[in-house]
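Work through these exercises with the structure open beside you. Try each task before you read its solution.

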Amino acid sequence: MSSKKLGLLICTIFSVLVNISTQTVHKRFEYKYSFKPPYLAQKDGTVPFWEYGGNAIASGESVRLAPSLRSQKGAIWTKQPINFDWWDVDVMFKVTGRGRIGADGLAFWYTTQRGDYNGEVFGSSDRWNGLAVMFDSFDNDNKHNNPYIMAVLNDGTKNFDHKSDGSTQLLSGCLRDFRNKPFPTRARIEYYLNTLTVYFHNGMTTNEADYELCFRAENVALPRGGYFGISAATGGLADDHDVIHLLTTSLHSTQQQGGQQISNDEQQKLSQEYQEYQKKLEQQKVDYRKEHPDEVRDKEGEFDDWFESDGQRELRQIFQGQGQIHDILRDLNKKVDEVIGKQMNSLSMLTAVYSQSQAQPIQPGQPIQPGQQPPMQMPTLPIGRQDWDSLVANNQIMINTIAELKGFIIEVSRKSDSLLAGAGAPAGAAGAAGAAVNPQFLNELRDSVNQVKQTVAGVAQRLTSQPQIAAQTACPNISCVSTTMLLMVVTAQLGVMFLYTLYKERKEAQAKKFF
């Protein structure tokens, strides 16, 4: 008995799987529930099969639902309700603004009745009966979870909670940024077999296949025969809300082919008519070839132009490879730009944290303890342009100073060598060299002593002109060293140094004789 039940269960599951696998979705474009450029709006400003109002403006390329002004609202709705159960809507839009934060957002509607053009919920009516897919760009609850995409169901009795951004009423949602993108952003909303699926295109590329799943909700029951609409609104902050196109596609399964079922007799009749038409066509071809033998091409070369040669195939493959490489490089460039942007943001945050941790300013009422130094303000991590210029200038000044010191040392060394060479000359030339060098050396020494005396006299005169400083810096009662004594001591020291230098040079000259 149990084996029979198991077999029956397996057969049931297999039949269900076969039924699901054999079901295919047939799509049909519904132009009466769509609009797209060019010539989106007619010369009189109307959009075929649609009505718009409020602050909405229609042009040949897009519908601006709400301009970037404060407290603007607008919407566009279909004139007729839809006559199909399952649908797929592709919405291309742009939300742009000069501020870092925008408001309020836009919403896609499927409701039993058309909403207002100046409503309270993103430009449409509250207490709607149906579905709303909202693209909320302003953070009302201050939870830093915007821009946000969410689906909200309503049965016509509930008010939308603006304070919590509808977080307690939403069916499902995802956090996606749709403001200020380089290309238009897109959303694909699919409702099929009571399953609501929303895909999102972030607008970073022009590739139409770059959709990502936002959310999927099952067991969603929507009323039949509703209206499509899209609305937008601004608040204290304002963005431009532009809808470029809205494309609607009806979805039909094999069991529901628009309600048109064909009987077996009709199918046989149509197939028989098709076969007769094929026979007539073949006979007409044969007759034409008999009547026009010159225009009939050779069978062997008839289809030569329809196929590509090996060289053409290689060129096509090369071009396709280059196109793929170009796409990959473009994606890599985009990723590198994103990484650089994140690194710059991280660096700025680290800079702010570092400066705050190093600064530690003293509170106004906090006293400074004895011996405690006030905290030094540390510079920020990135070196400014002015700091870099000043650093380079200081390095150049140091290099110039070192060069001057080097030149002075070389000059002193040259003069010392000349003096030593004159002192260590042979006896025959000692008299002439001594007569040439010693007077010059004595003259320089005399000039130096005179400069020292003038400097000391100037300092004494300035001290005498200021009584207070003179009284403080005057010599005590004990006898000070006189100027004559100071000059004698300096002269003696110079003489000792000169004699030591001569002695050293003679010793070195004697040592060289043994080599």
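**Exercise 1. Contacts along the chain**

What share of the contacts in the protein with a separation of 6 or more comes from residues 24 or more positions apart?

Solution. Start with the kind of model: it is predicted. Next, take the contacts with a separation of 6 or more. Residues 24 or more positions apart account for 65% of them.

**Exercise 2. The overall picture**

State how many helices and strands the protein has, and what percentage of its residues is buried.

Solution. Count the elements: there are seven helices and 15 strands. Then turn to burial. The protein has 515 residues, and 25% of them are buried. Finish with the surface. The accessible area is about 36,100 Å², and carbon and sulfur atoms hold 56% of it.

**Exercise 3. Ser124**

Is Ser124 buried or exposed, and why?

Solution. First, locate the residue. Ser124 sits in the loop that runs between strand E7 (105-111) and strand E8 (129-136). Second, read its relative accessibility, which is 2%. Third, apply the cut-off: buried means under 20%. Ser124 therefore counts as buried. Last, look at its contacts, leaving aside neighbours within four places in sequence. Ser124 then touches Trp77, Trp109, Gly115, Asp116, Gly119 and Ser231.

**Exercise 4. The nonpolar cores**

Find which residues have the most contacts inside the largest nonpolar core.

Solution. In soluble globular proteins, nonpolar side chains tend to be buried together. Now take the largest core here, which has 48 residues. Phe35, Trp87, Phe93 and Phe228 have the most contacts inside it. Strand E6 gives the most to this core, with six residues.

Zoom in on Phe228. Do not count residues up to four places away in sequence. Among the residues that Phe228 touches are Tyr33, Trp50, Trp77, Trp87 and Thr248.

**Exercise 5. The cavity**

Which strand supplies the largest share of the lining of the largest cavity?

Solution. Search the whole structure for cavities of 30 Å³ or more: one turns up. Its volume is about 30 Å³. List its lining: Phe93, Lys94, Val95, Thr96, Phe178, Asn180, Lys181, Phe183, Pro184 and Thr185. Sort these by class. Five are nonpolar, three polar and two charged. Strand E6 (residues 86-96) gives the largest share, four residues.

Note on methods:
Residues numbered from 1 in each chain as written. Predicted model: local features only at pLDDT ≥ 70, side-chain atom pairs only at ≥ 80, totals over all residues. Heavy atoms only, no water. 1 Å grid on protein atoms, 1.4 Å probe; cavity = no way out; pocket = protein on both sides within 12 Å on 5 of 7 lines; lining within 4 Å. Points joined across faces, edges and corners; volume = space filled by probe spheres on them. Helix = DSSP H or I, 4+ residues; strand = E, 2+ residues; numbered from the N terminus. Nonpolar A, V, L, I, M, F, W, Y, C, P; charged D, E, K, R; others polar. Buried < 20%, exposed > 50% of the residue type's maximum accessible area, 1.4 Å probe, protein only. Contact = heavy atoms within 4.5 Å. Core = buried A, V, L, I, M, F, W, Y, C linked by side-chain atoms within 4.5 Å. Areas by Shrake-Rupley, 256 points an atom, 1.4 Å probe, with all protein chains shown as cover.
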